Each structure stands twice: as C-alpha cells, then as structure tokens.
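Me: Can you walk me through the structure below? I'd like to talk about its spaces and its contacts.
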Amino acid sequence: MPVSLTVRFLLSLVAGALLVGCSTEPEHRYVDVTGATHSPLEGSTGDLVVLVFSSTDCPIANAMAPELERAHQDTIKQGGRFYLVHARRDLADAEAVKHASEFSLGMPVLIDHEHALVEHFDATVTPETFVLHFTGPGTYEIAYTGSINNLYGSVGNRRTKASEHYLRDAIASVSTGDEVEVAKRQPYGCFIEREQ
Amino acid sequence: MKLVLLLLLGQASPAIEPGTWSTAAPLIQQHCAACHREGGSAPFTLLTHADVKRRRSFIATVLKQELMPPWLPSNKGVALQGDGSMPPEDRASLIAWLEAGAPVGSEQNPAPIKPMASATFPTDSIKVTMTEPFTIPAETIETEQRYHEDTWTFVMPVGNETPLRIRGIGWEPTAPETVHTITLLFDAEGRGRQRDEYDPRPGYEMSGDLNRDISGTNGGVGIGMNRMLLPESFHWSLPADADLVADVRYRPIGREMPLQDSFHLFPTEDEDSREIIAVLTAVNRLKVPAGETQHIAEDRFTLPAAMDVVAILPRSRNECRSMQLMAILPDGETRVLMDIPGWDGHFRRPFLLEEVLHLPEGTTLHSRFVIDNSTENPRNPFDPPEDFRIGKRTGAAAFTLLGAGTDEEGSAALVELSQWTMDRRGSRTRKP
C-alpha cells in the first residue's frame, strides 16, 4: 500500500548559501497526512537518499511511474530512502493519495506546498531527480541529477521505450561506491512554476 | 504595458499586447479545449484560468516549439477539413499573454471555458463494441523480438444480415488519453477473426492490415477527431455478416487503462453514391543503417483511371522525419497534396479533404519520405539508433488515398493496379 504523505514545512530554512556537492544542510522536516515525519535532507555517512520532483498531471512524469517504482525498490534494497515530491503548491492530499494508488507508487509522496525543496535544489521540471550521497552527518553530495531515463529525447519527442536508465544506474553506482559516470543530465518535463 | 516578443527565428515581432483572460480564453477554446477537457484525449484540462496559469511556462514553450496544438500537415498541401493549425498571430498573442504571467484582467471571477460539444452520431447508426475488455499496459511491453509497437487489433462482428452502405463512423472512446489513433477495415472473409482466434488474449498483437487490404480503408479516428464523415455521394461498402477490424494505436501513460471502445457506423440510403476505394503510394522495404541522417525513400504510382480523392492517410515509423505526397498531373504540373514537415506517428490520423480532389487518368502520385535514423532525430525510437530493416506489403511508409473512380470500371482498375503493385514495389532510394 503506497504511503502517501503531505509535506508541512515545519522548520524554516536556515539562512545561508548552500553549496551543491558538499554542504551543511538546514533541517527540513515534513509531516504526512497521517502524522509521520520525514527528514529527507538528514542522514549519516554513506546514506543514499533519492528525491524525484513530480506532478500528478504531467504526462511525462506519469509515463515514468513504473520506472520510478522500480528505482524506489532498488533504493530500498540498498537501504536508502526514496521520496516523490509533488511540486504543485495547491495540490490536495487526497489527490496525491489517489494518484499514488492509480499509478502503483509505493514510495513516500511529499507535497512541497512552500516550494522549499524546489528552491533548495533549484528543481525546474517534473520529473527531475536528485540522488544524494551523504558524506557525513548533514552533509551530502549530489551524486546524480537530471532525467530519470531516456524515454524522452526532448519535450514532445517520446521514444517507444527507454533503453537507458540513468536514475537506477546512479542508485547502483552510489550503492557500490562508484562514481556516477555522467552526474548531470538534462531533464525533460513539465516546468515547475515558481511564482503563484 | 507592451511586451516585445522575439519570434523563434530571432526576428523582432511587432509589439503585442499580452491581453487578459478575456482575450486568451477564446484562443484556448478554439485551439486547446477540444482535447484539454474532462474526458478528452489530453492529460490535463485547460478550461479555467487557474488550469492555464499554473502551467503557463510549459504551455508557452510547447506553443513556441509548435508542438501544440498538434497538426501534422503544413499549409503547402490541399485544404483539409477541421484544419487544426494555429495561425501565427493567435500563437504569438497567446504566448505574449502567458509570458506576461497570464494576467486575469479586471474580472473577479474569470469565467471558465465551455468546451465545444463532441460531434454527435446519427440516431440510426449501428453501434459496435469491442467484444472483450482489454487492458492497455502501463508502459510499452517488450517481446522476444523487439519492443512492442503499442498497437493492438480487435475484431467485432457488425451483425448485418444484408450489405449496407456506410457514410460515416463515430468513436466512443473509453481511454481517450491513451489511444491516439484507430484505423478501420471491414472484413467479410474471416481473416481478422482467424487471427483473433489464434491469439488467446483479447484481440491480437498485429497491425490491422489484412493481406493487401489496408487498415484505414474504411476510415479512422484519432486525437481530436471522434467521427469521420464522408462527403455526400460517397460510401464504404459493408458486406453482409462482416466484421469491423479496428487497429488501435495507443501510448501507455504509466498506469494500466481498461479499454472497451464502441464504434458507430452511419448508414446511407443514397443509391447513387460511389464506393470508396483505397489507393496506395508507399515504400514497401526500408533498410536504413544506424546513423544515417537523410535516407530518402520514394514511390511513384500512375493512376490507370481518374480518381476523386476524399481523404489521405499518412503513416510511417518515427524514424521518418518528414513526408510529402505530390501529384504530377498529365499536363506536367506538379501539385503538393500533403506536406508533413515534422512527422510524429502519435498524431497520425485520417485527413479529410475540404473539397473532393479530382485527379485525371495518367496522374502520377509521388510520395517521398525522409528517414533520419540517427541521434539527431529526437523521435528515433531507439537510443542509440539501431540498423533497421523492415518490409511491409502495405507500406513501411505510405500514403493511402481514399476516393472513388469516376465509374465502376475505373475504380476496379485503380484497386487492381494498386494492389498488384504492392508486391512489386521496391524502395527506390538515393543519396541527397
């Protein structure tokens, strides 16, 4: 049964610049509709955390739902944490729950009402992933960011089937301690509107 | 405040007022709402100001890239019914409004768009429904040979005891956001039924062509098109006890979708109407190595009798970048009938001509397909590209012309030669 969560931004961001690659992170805690709390940006050395920005009605993000669930399962097997983060500010909890059920998504689903995570990672589209590899308590490097796979050659140009699985490959690389061959790839998808 | 837009080609456009919801809404209604509505083929609705505003950057981008609204033919060819192309001034105006932040204007409660009602079907139409439910998979399935091409064929007995003349078809979709085109064929010889019985699943996993009969000969429907009505005095012949064979092309959307569509056949009593026939100009065999960017494949077919054309159905795989159909008239004049500069099989559908097109005897149909089997083609189904070699009697890349001869003898000659040449056509290719 999918765990569907809604994000409530509990602690405000600590002021200060964040350096991608190795940084001290502010505390972020998010509460789901059932009251469970998640801290995707907290971790210990070696932790693997995957975030995927998504949208309930972006066809590009939705088309990758089966692949996201496979990546979720891979992450769990490696002892990591996987979060689906909806970037739509006004998304209702019930809609996110229904979406997760319809698309058979079993990972925690967060709604970034305040765009705290969107702005923290400077996410631009859905789907767009960030694979975090913790280098110490509260510090991590972004081992991979970008597209999930090569299903889309660009917006509007969808292949029959993805043959490259960038996210799952990155998860595997981080798990074995290898460097991700290409750490950043152009994501294609629906733009995240920053302004309301 | 005036916003100066830069056109895609980098030329400065005249200043365009971004306008407000009251000026944008009619454009959205005209160009978007037919699909972007509840129960439409698009993945989300665009009926309220809020619907549009929260996707404004994305919509502006797909408008600039001319990905939306989807309409394959350019205006170089003959005029088509339901022309879905967007006038440049409408496109520029809508982009200006979106890039200005989609201002609502002075209205407190901007009125939602009322989508145009779907085309209705005649009350005496014959309704035919898929006999078994089918489940469209969440993603493209892989077969032993190759990725499946997301097509499935269904056979439905019509139940007519006597032959009928059919002037139109209608479509009641059950999964419109997943299915993008369906082409139809009447089969009185049990060929589709035989294939269906061989495959234990609902329908069968092949295209809907039956030997040399091309799926689409008896019409089709697609995105933004839920019926196809022939001009007056034309009909499809439906033999007694025939099956309707529907070739369904779908695009998986990430979750399984149940499918059990219905079709409506519109009978006509017009005894003077002419029977629709299908004439093909196609490339039967294609062999394009990986990396080749401009492989040109052509076919020429000279009509042995005059033909009145009512519709054109293009088709190809997505390695095809562009395609063009020309008519070289007996006096030497060359006329472009259909020009598709950016082929995308997802938006393939039948195109009805605005007016019946008369092609005299001796007209040569010249079809030309440009194949790009490289990484430069973002629609290439394979990444990295693979050598591809396909052969199909009814055309690996094709234009099917639906129409009628000016008399029975002429129609028979057109069909006979079109079918006869299917087995003999080769791919004539040349380097640019």
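Me: Which strands of chain B each supply at least two residues of the lining of the largest cavity?
Reply: Those are β5 (179–187) and β16 (307–315) of chain B. Strands here are DSSP E runs of at least two residues, helices are H or I runs of at least four, and both are numbered from the N terminus. β16(B) gives the largest share, 3 residues. This is a predicted model, where local features need pLDDT of at least 70 and side-chain atom pairs count only at pLDDT 80 or more, while totals for chains, interfaces and linings use all residues. Residues are numbered from 1 along each chain as written, chains are lettered from A and ligands numbered from 1 in written order, and side-chain values use heavy atoms, without hydrogens and water.

Me: What counts as a cavity, or a pocket for that matter?
Reply: On a 1 Å grid over the protein atoms alone, a cavity is a set of points where a 1.4 Å probe fits but cannot get out; a pocket is an open set with protein on both sides within 12 Å along at least five of seven lines, and lining residues have an atom within 4 Å of a point.

Me: How much space lies in the largest cavity?
Reply: About 80 Å³, where a volume is the space filled by probe spheres set on grid points joined across faces, edges and corners. The whole structure has 5 cavities of 30 Å³ or more.

Me: And which residues line the largest cavity?
Reply: Among them are B:Thr181, B:Ile214, B:Leu313, B:Arg348 and B:Thr400. By class the lining has 4 nonpolar, 4 polar and 3 charged residues. Nonpolar covers Ala, Val, Leu, Ile, Met, Phe, Trp, Tyr, Cys and Pro, charged covers Asp, Glu, Lys and Arg, and the others, Gly among them, are polar. Domain 2 (126–274) and domain 3 (276–430) of chain B each give at least three lining residues, with bounds from an automatic or database domain assignment.

Me: OK, pockets. Where does the second largest pocket lie?
Reply: Between domain 2 and domain 3 of chain B, because both give residues to its lining. The second largest pocket holds about 1500 Å³. Of its 49 lining residues, the closest to the centre are B:Glu149, B:Asp150, B:Thr151, B:Arg249 and B:Arg317.

Me: What's the lining of that pocket like by class?
Reply: It has 12 nonpolar, 16 polar and 21 charged residues. β21(B) gives the largest share, 4 residues.

Me: Switching to the two chains: how much area do chain A and chain B bury between them?
Reply: About 2700 Å², 48% of it on carbon and sulfur atoms. Buried area is the accessible area (1.4 Å probe) that two parts lose on being put together, summed over both. A:Arg158, A:Lys161 and A:Glu193 supply 25% of what chain A buries against chain B, more than any other three residues. The contact (heavy atoms within 4.5 Å) takes 31 residues from chain A and 32 from chain B.

Me: How many salt bridges between the chains?
Reply: There are 6, each a side-chain nitrogen of Lys or Arg within 4 Å of a carboxyl oxygen of Asp or Glu. One of the salt bridges joins A:Asp57 and B:Arg55 (2.1 Å, N to O).

Me: And how many across the interface of domain 1 and domain 3 of chain B?
Reply: 0 salt bridges there. Those two domains of chain B bury about 1400 Å², with 67% from carbon and sulfur atoms. B:Leu72, B:Val78 and B:Gln81 supply 47% of the area domain 1 of chain B buries against domain 3 of chain B, more than any other three residues.
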